Each structure stands twice: as structure tokens, then as C-alpha cells.
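Q: I have a model open and want to talk it through. Can we go piece by piece?

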Amino acid sequence: MSATAIPRVHTPPPPDPPVRPAKHYINATSGLASWLLTVDHKRITILYLISITIFFAIGGFFAMLVRLELITPQGDLMTAETYNRSFSMHGIAMVFFFLIPSIPATLGNFLVPIMCGARDLAFPKINLLSWYCFIVGAVFALATAFMGGVDTGWTFYTPYSSTYANGAVLTAILGAFFAGFSSILTGLNFIVTIHKMRAPGLTWFRMPLFLWAMYATSIIQILGTPVVAITLILVGLERGLGFGFFDPKLGGDPILMQHLFWFYSHPAVYVMILPPLGVMSELTAAFCRRRVYGYHFVALSSVAIAVISFIVWGHHLFTSGQSVYAGMVFSVLTFLVGIPSAIKVFNWMATMFKASISFEAPMIYAFGFIGLFTIGGVTGLFLATLGLDIHMHDTYFVVAHFHYIMVGSAIFSYMGGLHYWWPKITGKLYNDTLGCISAVLIFLGFNATFFPQFILGYMGMPRRYHAYPAEFQFLNICSSLGATLLAVGYVLPAIYFTWSLFKGKDAGPNPFKAKGLEWEIPSPPPTENFTKVPVVNSEPYDYAPGAGH
Amino acid sequence: MATHATTPNAHSDDHHHAHPPGFAHQFEDIGQQLDSTTLGMWVFLAQEIMFFGGLFCGYSIYRSLMPAGFEAASNHLNVPLGFANTVVLIASSLTMALAVRAAMLGDNKWVLRWLVGTLILGCMFLGVKIIEYSDKFEHHLVPGYNFQWANAAEAPGAQMFYVFYFTMTGMHALHMVIGAGLLLYFIYKASKNTYHPQYFGPIENMGLYWHFVDIVWIFLFPLLYLLGYHLGKGH
């Protein structure tokens with residue numbers, strides 16, 4: 001402190017009435033260039049939010065094409081070729097351009113520095129570079145779509161993507177490559193920020209569980225993504241220059257491509273689901289007014305999931321000609337993922353037990369998440385069982401399983417988090433009733449779409465065909481009707497969120513009366529986040545004893 | 001979380017110490033900045049190890065499947081040139097390390113000189129690489145559309161060896177080219193007297209990157225060039 005005591009006046013903010021600060025990160029500077037060249041993590045959040053929402057709409061469009069085709073058993077709406085391209089583009093848009101960046105690049109980008117008590121991420125310019133990498137990838141992905149798409153599926157398996165490819169494989173691969181690079185840069189920024197930028201007093205076990213989840217996610221992004229990057233380069237070289245890495249005619253082995261691909265892409269599933277698990281912990285604590293039960297276990301289970309995720313990839317190759325002994329090992333290892341996942345679910349439920357839960361929109365999403373995550377997780381154990389997987393492999397059972405995790409759980413949590421932090425990001429309140437309605441609509445629509453697919457898969461309907469035997473039609477119609485309901489559920493938030501920007505009430509710093517550094521600063525926050533560096537001297541979720549009763 | 005604002009913020013009116021040039025304002029102090037940028041570079045290098053790791057993994061698998069073809073093909077590489085390049089790269093690591101030391105001392109004149117030396121050695125390496133590549137083109141050793149190998153039994157292994165030779169050394173050379181671009185940038189910054197004993201992080205991180213790229217070559221040289229050396233010339 002300065003010895004020459006310059007008298008400074010700190011008027012505490014008025015205690016209660018919701019205020020919107022005159023100057024905040026949204027209006028700090030104006031003009032398009034001030035947004036496109038910004039290094040403010042909060043503005044980059046907005047850039048990402050808009051970008052990934054566009055890709056969610058594109059991916060959703062291709063999904064609707066697929067569901068429309070599957071209403072009738074005959075392949076009458078489109079040719080088999082067009083159908084293959086539709087589901088491939090659906091997968092590429094959703095996985096690489098929506099799900100992987102979804103929570104880390106938006107909520108993570110916004111919250112990691114604020115939860116650390118920092119003014120920005122460690123490397124603001126690299127953060128902007130990550131968005132531009134995403135945009136370069138996005139341009140390649142859109143070019144792919146306009147050049148007629150690809151029919152390889154999102155996995156780019158050889159020889160579909162090399163010898164027998166007949167679509168714009170190279171541009172699609174470049175799209176995924178650049179999107180991956182943007183993901184690596186985000187992960188790098190988060191790891192350094194969480195290690196080095198935490199406020200005084202914010203020890204590792206005082207960190208909000210969302211930070212733990214983002215840390216675990218970042219480890220996967222750093223160690224997994226480069227492997228898929230080099231794999232995609234090898235596929236590109238095989239396709240472009242005739243380098244026969246995976247071509248049996250030249251001594252290569254196509255199965256090696258699957259190993260390398262899943263070495264990243266299975267951990268990538270946890271890039272999609274670990275951040276939602278972190279958001280869930282925040283929602284549970286905030287709306288139960290309680291410290292999350294078993295905090296240390298929930299925190300470390302994120303790390304455990306990240307570690308185990310690297311040793312289970314072989315469960316994608318049970319039927320690909322992998323050694324049966326390797327299959328048995330991978331089967332056992334895959335079961336291990338169930339342990340940290342269940343630790344989380346049981347601890348959230350213990351937190352809710354006898355708490356006075358406030359039923360606001362984010363919490364409704366959290367409830368939906370627990371249901372969908374449990375179904376998705378338990379059916380994952382079905383598929384981890386070596387013998388059972390021989391029957392289920394490449395059927396709709398698999399499609400339903402991973403949609404319960406990657407769509408059901410991941411998007412439910414993303415939406416829950418978006419509802420929870422929307423007042424912080426924009427400073428505006430949305431209509432909570434409409435929020436609850438959309439949560440219920442999405443939950444019903446989702447289950448109507450994907451639960452029938454478990455049954456279809458168990459009955460033996462294979463995935464990735466545009467025609468099917470007539471006896472499967474009823475369940476397919478259920479699925480397509482559910483998808484329509486799901487679409488309505490997704491459009492509704494787009495409407496009331498947009499409405500809230502113009503007509504919503506000012507949120508004030510802490511509309512949910514939640515604990516956490518992000519709720520102690522104005523909404524929307526100022527560009528530098530904190531006018532004084534905060535000092536943290538208590539544990540997270542420090543709700544008053546008995547507040548839950 | 002109960003919090004009390006006590007630490008003065010660098011942006012507030014009362015910060016009592018001037019920040020040195022090169023300080024980035026998201027950090028609290030220059031020490032935190034150095035720690036963060038160094039950790040950032042190590043995390044980036046971890047990512048690089050996984051990137052090259054995919055290639056080394058593929059190399060190991062195919063070499064164990066087709067050992068004869070790999071050895072025979074390796075014997076067609078020019079070991080003296082490869083060895084000379086190894087020496088050039090190790091020398092460039094020395095000049096790079098000396099540049100880092102000069103930056104820590106704030107001696108921008110010598111930072112500039114050592115970086116220029118590093119750049120020249122790096123370009124020598126790339127020049128030799130171009131000679132070697134063109135030689136492979138002339139001898140029809142480029143896999144894909146232009147590959148000829150006399151011994152039919154060894155041909156698949158030999159071609160796979162050259163697939164990995166070109167991909168691994170190509171990826172390595174790409175990293176060298178990017179490194180050369182970065183060197184140019186830092187040479188410009190050193191000419192502007194940017195570095196001083198409190199601000200040398202960028203040069204140190206440049207050094208970490210350069211040494212990493214060198215170490216990749218230290219692995220590539222024996223795996224690619226020396227694999228078939230025991231067979232003797234003219235095999």
C-alpha cells in the first residue's frame with residue numbers, strides 16, 4: 001500500500017436494487033473491429049457463442065433430413081448417397097463445430113478467468129487466435145457442404161476417406177484439423193490460467209468444481225487433439241499424395257487409423273461431457289443452496305475420468321479385427337469409467353437430499369441432465385460388455401447411447417449453464433417460465449427421439465442405412481416426431497433469449513443469490529472483471545448453514 | 001465465497017510500482033508473467049510430443065511388421081549428409097542457448113547476433129534437406145506415384161519406410177520453417193532493444209521451441225538414417 005495516504009472514496013454499491021453498470025465489457029468500445037480484434041475473454045465468448053449456434057443450426061438441419069428420410073421404410077426422400085452425406089455432415093458439424101467447443105469456448109472462456117479472480121486468461125491474444133482457427137475450420141466445413149459434402153461419417157475411416165472417397169474429403173479434414181487446433185489453444189490457455197492466475201487464497205480445493213472440470217478437459221485437449229491432428233494429416237496425405245499409411249495394397253493397415261483416431265476421439269467424448277459435469281455441480285450447489293456433497297471426490301473424479309479416458313479407446317474396435325485379448329482388457333478398463341461418473345451422480349443426489357430446492361429453469365435442466373446421463377451411462381456399460389457389443393455394434397443402440405451422452409446430457413447441461421449465467425453474460429433476465437417449459441419440451445422430445453432407437457438397435461436395425469424393414473417403421477415415426485418436438489424446444493430459448501436482450505429486466509449482480517466470484521461483480525462485468533483483486537478466504541459454495549432448509 | 005478486496009489492482013490509481021516494458025496487463029507482476037508464459041510453452045511442447053508421437057507410433061508398428069524392407073530402404077539415405085545436418089542443428093541449439101543468456105543479461109546486440117547465427121544454421125539444415133529430397137526424386141524413391149524398388153519382396157516395406165521418411169522429416173522441416181519465421185520476428189524485436197533482465201521470456205520460450213525441434217531430429221536421425229547402415233554400402 002502506498003505510504004502517502006491519498007484519500008480515496010469507495011462508495012459501496014447500493015445493496016439490493018438490480019443495477020446495470022453504465023460502462024461494461026459490451027459497451028466499453030464500439031464498432032465491428034473492436035469485436036473482431038478484441039482480446040477480452042468475455043467478448044470472445046460472445047463471438048464463439050454466435051459461431052457455434054450457427055453450426056448447431058446447420059447440424060440440426062442435416063439431422064432433420066435424416067429423420068425425414070427415416071419416416072418411411074423405403075429410401076424415397078433421397079438416395080443412399082445423399083443420405084450418407086447428410087448424416088456425415090450432421091456428425092462433422094455437431095461434433096467438431098458445436099459439441100467440442102460448446103462449453104469450454106463459451107461458458108469456460110467467460111468463467112475461467114472470473115472464477116480464478118483474474119482480469120483475463122493468461123494469453124488473451126492466443127484466445128483470439130483460437131477463435132480465428134475455429135473460423136478457418138468453419139470456412140473449410142462450409143466449403144465442404146457447398147462442394148457436396150462427404151460420405152465418410154464423421155470418423156473419416158479409411159478406406160472410405162481414401163481409396164473409395166468420392167466427396168470433398170480434403171476440405172472436411174482441414175476443417176476438423178483447424179477446429180482441433182482452436183481446441184488445443186483453448187486448453188493451453190485454461191491450464192496456464194488455472195495454474196498461475198488464481199487469486200490470493202484460492203487454493204486448488206477452494207476452486208469451484210467447474211474449474212476442476214475445465215482443467216481435466218484441458219488436459220485431454222492438450223494430449224489427445226494433436227494425435228487426431230496428425231491422423232487427419234496422414235489420411236490427407238494418403239488421399240492427396242498416395243502415401244499408403246492405411247492402404248493394404250501398399251503395406252498399410254486401415255485398423256491403425258481407427259486406433260489413432262479413437263485414441264483422441266474417445267477422450268474427445270469427455271471433452272464434450274466433462275464440462276457439462278462441471279456445470280452440473282455449479283447448478284446443484286446454487287439451487288440447493290448447499291456445498292456440493294463430497295466436494296473432493298467430485299473434483300478428483302473429473303481428473304480420474306480424464307485419465308481413464310485415454311485407456312479405453314479399443315472399445316470402438318471390438319468388431320474391427322482387434323485381438324480378442326486386447327478387447328477383454330479394453331472392456332474391463334471401460335467399466336472403470338462408470339466409477340467416477342457414478343461418484344458424481346450420487347454426490348449431486350446427496351446434495352439435493354432434503355435441500356430446499358428452488359425450481360428455476362437452470363435447475364430443471366439439471367434434473368433432466370441426471371436422468372439422461374444415467375440412461376446414457378448405463379447403456380454405455382451394455383456396450384462395454386464385449387459379448388453384448390458384438391450384437392449391438394453399429395446398430396441404433398449405439399446411436400441412442402451416444403446421443404444420450406453427447407446430446408442429451410451435454411446439451412442439457414450447456415443449456416442449463418447458459419440459463420444460469422445468461423444474466424451475468426448479458427446483464428438481462430429471461431422469462432423463467434418459458435425457460436422451464438423449454439427444458440420440459442426438450443426432455444420429452446429427446447426421450448421420444450432416442451429411446452425408441454434403443455429398442456430398434458436391440459431388435460437389430462443397423463445404423464447408417466437410408467432404408468429399413470417395414471416392421472421398424474412405428475418406432476422410427478416415434479423418433480422423427482420426437483425430433484420435431486426437440487426442434488421446438490431448441491427454438492424456444494433462441495426466441496426468449498433474444499427477447500431478453502431487448503426487453504428483459506436488468507439482472508443485477510446476483511439474481512440467483514448464488515455464491516462464487518462471478519456473482520460478486522456487476523452484470524455485465526467491466527472489461528477488467530475486478531476493480532480490486534479479490535482475496536478468497538473460504539471454501540466454495542459457502543452457503544449459510546441451514547440455508548437449504 | 002466470502003471475499004474482501006484488499007490487493008490493489010494494477011489498473012487502479014494507486015499502484016505504486018512502475019511495470020517494466022513488455023509487461024502484459026492481465027498479470028499481477030512480471031514474475032507471474034514469466035512463470036505463465038514458460039508453463040504455456042511447456043504445455044504447448046507436450047502437445048507437440050503427442051503430435052509427433054502419432055508418427056513415431058506408426059513408424060514402430062510398421063518397422064516391426066516389415067523389418068527387411070525398412071532396413072534396405074534406410075540404406076539408401078545419405079548418412080554423411082544426415083550426420084552433417086545433425087551437427088548443424090546441435091550447433092544451432094548452442095547459438096540459441098547463447099541468445100537466451102544474452103537476453104537474460106539484457107544484451108540486445110548479442111541477442112541479435114546469436115539469433116542471426118541460429119537462423120543461418122537453421123537455413124543450412126533446410127538447404128541440405130532440399131538436396132536430399134531432390135536426390136530421392138531422381139532415384140524414384142518418393143512413395144505414391146513415383147516409387148520403384150528392385151526387390152519385390154522388400155518393396156512394400158521400403159515404400160512404407162519412405163512414406164515415414166518424408167512425413168516425419170517433412171513435419172520436422174515444417175517446424176523448422178515456422179521456427180525460422182519466429183527467429184526473424186525476434187531478430188527484429190532485439191534490434192529494437194526489447195529485452196532486459198526482467199523481460200526475456202519470449203527469447204527463452206523461443207529457445208525451448210528450438211531445442212524441442214532439435215531433439216525431434218536427434219530421434220529421427222538414428223531411426224531413419226542409421227537403421228540399415230550395418231548392411232554396408234551398395235546393398
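Q: How are α7(A) and α10(A) set relative to each other: parallel, antiparallel, perpendicular or oblique?
A: α7(A) and α10(A) are oblique to each other. Angles under 35 degrees count as roughly parallel, over 145 as roughly antiparallel, 65 to 115 as roughly perpendicular and the rest as oblique. This is a predicted model: local features need pLDDT of at least 70, side-chain atom pairs count only at pLDDT 80 or more, and totals for chains, interfaces and linings use all residues. Residues are numbered from 1 along each chain as its sequence is written, with chains lettered from A and ligands numbered from 1 in the order in which they are written.

Q: What's the crossing angle of helix α7 and helix α10 of chain A?
A: Roughly 125 degrees, and the axes come within 10 Å. Helix α7 of chain A covers residues 254-288, and helix α10 of chain A covers residues 361-384. Axes are lines fitted to C-alpha atoms, for helices over the stretch in contact, with angles from 0 to 180 degrees between N-to-C directions. Helices (H or I, at least four residues) and strands (E, at least two) are DSSP runs, numbered from the N terminus.

Q: Which residues make that contact between α7(A) and α10(A)?
A: α7(A) brings Met280(A), Leu283(A), Thr284(A) and Phe287(A). α10(A) brings Pro362(A), Met363(A), Ala366(A) and Phe369(A). Contact means C-beta atoms, placed from the backbone, within 7 Å.

Q: And how do the residues of that contact of α7(A) with α10(A) divide?
A: Seven nonpolar, one polar and no charged. Here Ala, Val, Leu, Ile, Met, Phe, Trp, Tyr, Cys and Pro count as nonpolar, Asp, Glu, Lys and Arg as charged, and the others, Gly among them, as polar.

Q: Next pair. At what angle do helix α8 and helix α9 of chain A cross?
A: Roughly 160 degrees, with the axes of α8 (residues 295-308) and α9 (residues 324-352) coming within 9 Å. That makes α8(A) roughly antiparallel to α9(A).

Q: How do the residues of the contact of α8(A) with α9(A) divide?
A: They divide into 10 nonpolar, three polar and one charged. Among them are Phe297(A) and Ile305(A) in α8(A), and Leu333(A) and Lys344(A) in α9(A).

Q: Zooming out, how many helices and strands does chain A have?
A: Chain A has 14 helices and one strand. Its C-alpha trace spans about 80 × 50 × 45 Å along the principal axes.

Q: What share of chain A do buried residues make up?
A: 57% of the 549 residues. A residue is buried if 20 or more other C-beta atoms lie within 10 Å of its own, exposed if 12 or fewer, and partly exposed in between, with C-beta atoms placed from the backbone.

Q: Is Ser182(A) buried or exposed?
A: Ser182(A) is buried, with 28 other C-beta atoms within 10 Å. Ser182(A) lies in helix α5 of chain A. Its contacts beyond four places in sequence include Trp131(A) and Phe134(A). The C-alpha atoms of Ser182(A) and Phe134(A) are separated by 5.5 Å, though 48 residues apart along the chain.

Q: And Phe454(A), buried or exposed?
A: Buried, as 22 other C-beta atoms lie within 10 Å of Phe454(A). Phe454(A) is in helix α13 (residues 432-459) of chain A. Leaving aside neighbours within four places, Phe454(A) contacts Thr379(A), Phe397(A) and Ala400(A).

Q: Last topic. How many residues does the contact take from chain A and from chain B?
A: 50 residues from chain A and 39 residues from chain B. α6(A) gives the most to the side of chain A that touches chain B, with nine residues. That side of chain A divides into 31 nonpolar, 11 polar and eight charged residues.

Conventions:
Contact = placed C-beta atoms within 7 Å.
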